[in-house]
Amino acid sequence: MTVTKNQILAHDEIAHKIKRIAYQIYETFVDDNEIVLAGIAPGGIFLTSKIREVLEKISPLKVIVCEVKIDKENPLSSITTSIPEEMYSHKSVVVIDDVLNSGSTLIYTVKHFLNVPLKKFKTAVLVDRNHKRFPVKADFKGISLSTSLQEKVIVTFGKNNKDAVYLQ
């Protein structure tokens, strides 16, 4: 049996959604001087860098990028960040991932950040699958998809306008 991929979003549509998410983030944090964008590796960090580019064009916010590494198969194992806790303590943080599937990766990442005092905390995803097993939601999302549990959402970030979202 051949598995086919159906393109859900093309590069221009993704760029539009990223721009809208960036504006929503700016509107939410307009009274802040700086913000920490914490991208969950690997896909979330690519999305984070694209949101950062837009934020730096449209706002005076100082943007600090933090890469979050979590074992998505075993989210209870250690979570590491590319910056020390002191750099996000008492700051506004947005955790970013490419796809919100069951919610386990996002909720355990949220738990990690809640171990330190934060000023404000939000979440953002490009694709929200609406199949959550955990009570977590995306404050900012590009698109919501009602899919079957057997379907898979694939987000690709590539050079030369090759960004795409597929349903498989």
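Begin by selecting β8 and strand β9 (residues 164-167), which run antiparallel and are joined by 4 bridges. Strands, like helices, are DSSP runs numbered from the N terminus (E, at least two residues, for strands; H or I, at least four, for helices), and two strands pair if DSSP finds at least two bridges between them. This is a predicted model, in which local features need pLDDT of at least 70 and side-chain atom pairs count only at pLDDT 80 or more, while totals for chains, interfaces and linings use all residues. Residues are numbered from 1 along each chain as its sequence is written, and side-chain values use heavy atoms, with hydrogens and water left out.

Contact here means heavy atoms within 4.5 Å; axes are lines fitted to C-alpha atoms, for helices over the stretch in contact, and angles run from 0 to 180 degrees between N-to-C directions.

**The six-stranded sheet**

Move to the other sheet. Here 6 strands form an open sheet in the order β4-β3-β2-β5-β6-β7, and the pairing is mixed. Its edge strands are β4 (80-81) and β7 (140-144), each of which pairs on one side only. Select β5 and strand β6 (residues 120-128) to see 8 bridges in the parallel sense; in this region L100 stands opposite D128 in β6.

Which strands does α2 lie across? Displaying the helix shows it across β2 (34-40), β3 (62-69), β5 and β6, running at about 155° to β2. Then select α3, which packs on the sheet and touches β2, β3, β4, β5 and β6. The direction of α3 makes about 165° with that of β5.

**Two backbone details**

Select A41 and P42: the peptide bond from A41 to P42 is cis, with omega near 0°. P42 is placed in the loop between β2 and α2. Then select H90, in the loop between β4 and β5. Phi of H90 is near 65°, a positive value in a residue other than glycine.

**The pockets**

Next, select K72, V99, N101, S102 and T105, which lie nearest the centre of the largest pocket among its 22 lining residues. A pocket is an open set of points, on a 1 Å grid over the protein atoms alone, where a 1.4 Å probe fits, with protein on both sides within 12 Å along at least five of seven lines; lining residues have an atom within 4 Å of a point. The largest pocket holds about 530 Å³ of space, a volume being the space filled by probe spheres set on the points, which are joined across faces, edges and corners. Two or more lining residues come from each of β5 (92-100), α3 (104-113) and β8, and β5 gives the most, with 4 residues.

For the second largest pocket, select H11, A15, I18, K50, E53, V54, K57 and D163, which line it. About 160 Å³ of space lies in this second largest pocket. The elements that give two or more residues to its lining are α1 and α2 (43-58); α2 provides the largest share, 4 residues.

**The whole chain**

Finally, clear the selection and view the entire protein, whose secondary structure comes to 3 helices and 9 strands. From the N terminus on, the elements run β-α-β-α-β-β-β-α-β-β-β-β. The radius of gyration is 16 Å, close to the 15 Å that the globule rule gives for 168 residues, so the protein is as compact as a globular protein of that length. That radius is taken over C-alpha atoms, and the globule rule is 2.2 Å times the number of residues to the power 0.38. Along its principal axes, the C-alpha trace spans about 50 × 35 × 25 Å.
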